[in-house]
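Here is a short briefing on one protein chain. Look at the sequence and the structure, then read the points below.

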Amino acid sequence: MSVPTSLDVEQARPRLHELTVVDVRTPGEFASGHLPDALNVPLDRLVRSLPELRPAADRGALLIVCASGARSDSAVRTLASHGIPASSLAGGTEAWAAGGNALEYPGGGGAPPRAVWAMERQVRFAAGTLVLLGLLLGLLLHPAFSLLSAAIGGGLVFSALTGTCGMAVLLGRLSFNRRSGEVRP
């Protein structure tokens, strides 16, 4: 059976009952609102979760979701490289909510328990702060601190070229991006 690599909100909504929805955002982002009955498998744990995802894909189509569609596109490619067909939700949860569709929250509440920035926004904030800090310290203390800005710039270029983001992995380990009580090595 052929599975499209992407579904828009209008295509996914009527099929939601037959899809296994897998949200690849961090647990903190997931807690800020997700598609109904979605499973949370953060992108950095996707490959480790293949033994659980393979049987789910055998039972029916997988719909991979993130905030905007970028991480879910990456996840679909990763799953395809392991022989697991899946579709990405174009526009992610942002498009889902913008289309007037309800989001679920942990504990069945009707509103998010706390606001968590999307991972892309967290990365932009952290990278920008580090670049400014490197420049400021380079001007005030020692020019060598400017290398911090250069390192962050190089990391952003590497991230864009490879489709990976080490800073997102590190930020995902912070307490506000994890489920309460979750322990990570």
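**Briefing: burial, salt bridges and a surface patch**

At 5% relative accessibility, Arg25 counts as buried. Buried means under 20% relative accessible area, exposed means over 50%, and partly exposed lies in between (1.4 Å probe, protein chains only). The model is predicted: local features need pLDDT of at least 70, side-chain atom pairs count only at pLDDT 80 or more, and totals for chains, interfaces and linings use all residues. Residues are numbered from 1 along each chain as its sequence is written, and side-chain values use heavy atoms, with hydrogens and water left out.

**Salt bridges**

- The structure has four salt bridges. A salt bridge is a side-chain nitrogen of Lys or Arg within 4 Å of a carboxyl oxygen of Asp or Glu.
- Side chains of opposite charge can pair when their charged atoms come close.
- Asp23 is buried, with a relative accessible area of 0%.
- Arg71 pairs with Glu29 in another, at 2.9 Å from N to O. Arg71 sits in helix H4 (residues 70-81) and Glu29 in helix H2 (residues 27-31), so this pair ties together parts that are 42 residues apart in sequence.
- Arg71 is buried at 13% relative accessible area. Glu29 is buried at 2%.
- Glu18 forms a salt bridge with Arg15, and their closest N and O atoms are 2.9 Å apart. Glu18 is partly exposed at 43%, and Arg15 is partly exposed at 27%.

**Surface patch**

- Leu136, Leu139, Leu140, Leu141 and Phe145 form a nonpolar patch on the surface. Together they have about 580 Å² of accessible area.
- Patch residues have over 30% relative accessible area and no salt bridge; like charges are joined within 9 Å, and nonpolar side chains (Val, Leu, Ile, Met, Phe, Trp, Tyr) within 5 Å.
- Phe145 is in the loop between helix H6 (119-140) and helix H7 (146-162). Phe145 is partly exposed, at 37% relative accessibility.

**The whole chain**

- The chain has eight helices and five strands. Helices (H or I, at least four residues) and strands (E, at least two) are DSSP runs, numbered from the N terminus.
- Along the sequence, the pattern reads β-α-β-α-β-α-β-α-β-α-α-α-α.
- Of the 185 residues, 39% count as buried.
- The chain exposes about 10,200 Å², and carbon and sulfur atoms supply 64% of it. Accessible areas come from the Shrake-Rupley method with a 1.4 Å probe; for residues, only the protein chains shown count as cover.
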